[in-house]
Amino acid sequence: MQIPATDGLADAFAAYPDHGDRHSGVLMYPDAFGIRPVIRDLAGQLAGHGYYVLVPNFFYREGPTPVIDLPEHIGEAERSALVSRLMPLIKDLTPERFLSDADAYLGFLTAQPEVGAGPVAVTGYCIGGLLATRTAAAHPGQVAALAAFHAPVAADGTESLLRLNADVHFGHAATDITPEALGELNQSLEAAGVAYTSEIYPGTVHGFTMPDTDAFDPAGLRLHWDRLLPLLTSALAKG
């Protein structure tokens with residue numbers, strides 16, 4: 001799919017059930033490694049629960065997916081070199097640029113004939129979790145559910161969380177956040193007055209949801225589904 005965005009066409013793909021009903025929309029942001037088979041699998045599994053899932057290439061300014069060549073499996077030996085290549089792209093995706101893109105992504109999602117009226121959800125992984133958080137904060141009247149996994153969700157400052165008006169789940173890798181920092185983050189969510197869960201997934205490292213990396217943790221991925229699916233059911237049902 002091609003989404004008309006701020007600086008061109010953002011390539012994307014959608015996954016949704018094959019029956020004729022309209023479905024609640026979910027905007028899913030991948031991690032920095034971008035759209036690839038494991039992301040398509042995650043979107044497909046989520047779609048199987050009755051959602052229309054749109055996954056954009058947020059690095060579209062650099063070209064269509066794949067923006068960089070990836071090995072079939074991303075081991076620790078390859079990760080640092082790949083991240084070094086991606087860091088300039090992450091820095092170029094300023095909050096101002098991204099929020100304009102997010103408007104386009106949400107507009108495209110809600111205009112699809114398979115997507116029902118009503119609120120949507122946003123979810124994301126790694127940097128995609130930060131982008132999901134920014135999207136939810138910028139669209140408090142439209143985004144009813146926010147989920148982010150192994151993501152720097154407070155990178156814009158905890159005060160940014162005060163703009164949230166969504167039910168929230170943050171699933172943190174044990175290597176990404178200390179219990180003290182988690183407590184501060186959760187205090188900010190309390191101050192925002194949102195319904196939330198925010199927890200450290202035991203024994204996990206950054207990237208634990210991604211089966212094509214050495215960081216993958218099967219128990220962490222199962223817990224991710226155990227938290228994500230009830231969140232979407234309750235938040236999108238109540239609007």
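The legends below describe close-up views of a predicted model.

**View 1**
Eight strands form an open sheet, and their order across it is S1-S2-S4-S3-S5-S6-S7-S8. The pairing in this sheet is mixed. Strand S1 (2–5) and strand S8 (196–201) stand at the edges. Each of these two has a single partner strand, so one side of each is left without a neighbour in the sheet. On average, neighbouring strands are turned by 20° against each other, with direction ignored.

**View 1. Strand S3 and its two partners.**
Strand S3 covers residues 24–29 and is mostly covered, with five of its six residues buried. S3 pairs with strand S4 (residues 51–56) in the parallel sense, over four bridges. Within this pairing, Val 26 stands opposite Val 53 in S4, and Gly 25 has Tyr 52 in S4 as its bridge partner. S3 also runs parallel to strand S5 (residues 120–125), and four bridges join them. Here Leu 27 has Val 122 in S5 as its bridge partner.

**View 2. The crossover from S3 to S4.**
Which helix does the chain pass through on its way from S3 to S4? The path goes through helix H1 (residues 37–47). This β-α-β crossover is right-handed. The two strands that it connects, S3 and S4, pair in the parallel sense.

Most peptide bonds are trans. The bond from Thr 65 to Pro 66 is cis, with omega near -5°. Pro 66 lies in the loop between S4 and helix H2 (76–92).

Most residues other than glycine have a negative phi. Cys 126 is not a glycine, yet its phi is positive, about 55°. Cys 126 is found in the loop between S5 and helix H4 (127–138). His 150 also has a positive phi, near 40°, and is a residue other than glycine. The loop that holds His 150 runs between strand S6 (143–149) and strand S7 (167–173). Are these residues buried or exposed? Buried means under 20% relative accessible area. Cys 126 has a relative accessibility of 17%, so Cys 126 counts as buried. His 150 has a relative accessibility of 1%, so His 150 counts as buried too.

**View 3. The largest cavity.**
Rolling a probe the size of a water molecule over the atoms shows where empty space is left. The count comes to one cavity of 30 Å³ or more. The largest cavity holds about 100 Å³ of space. It is lined by 14 residues, and the closest to its centre are Phe 33, Gly 34, Ile 35, Asn 57 and Val 67. By class, the lining of this cavity has ten nonpolar, three polar and one charged residues.

**View 4. The largest pocket.**
How much space lies in the largest pocket? The volume is about 200 Å³. The largest pocket is lined by 15 residues. Those closest to its centre are Ala 32, Arg 79, Val 83, Cys 126 and His 206. H2 gives five residues to the lining of the largest pocket, the largest share. By class, this lining has nine nonpolar, four polar and two charged residues.

Methods:
Residues are numbered from 1 along each chain as its sequence is written. This is a predicted model: local features need pLDDT of at least 70, side-chain atom pairs count only at pLDDT 80 or more; totals for chains, interfaces and linings use all residues. Side-chain values use heavy atoms; hydrogens and water are left out. On a 1 Å grid over the protein atoms alone, a cavity is a set of points where a 1.4 Å probe fits but cannot get out, and a pocket is an open set with protein on both sides within 12 Å along at least five of seven lines; lining residues have an atom within 4 Å of a point. Grid points are joined across faces, edges and corners, and a volume is the space filled by probe spheres set on the points. Ala, Val, Leu, Ile, Met, Phe, Trp, Tyr, Cys and Pro count as nonpolar, Asp, Glu, Lys and Arg as charged, and the others, Gly among them, as polar. Buried means under 20% relative accessible area, exposed over 50%, partly exposed in between (1.4 Å probe, protein chains only). Two strands pair if DSSP finds at least two bridges between them. A crossover is right-handed if, with the strands pointing away from the viewer, the path from the first strand over the helix to the second runs clockwise. Axes are lines fitted to C-alpha atoms, for helices over the stretch in contact, and angles run from 0 to 180 degrees between N-to-C directions.
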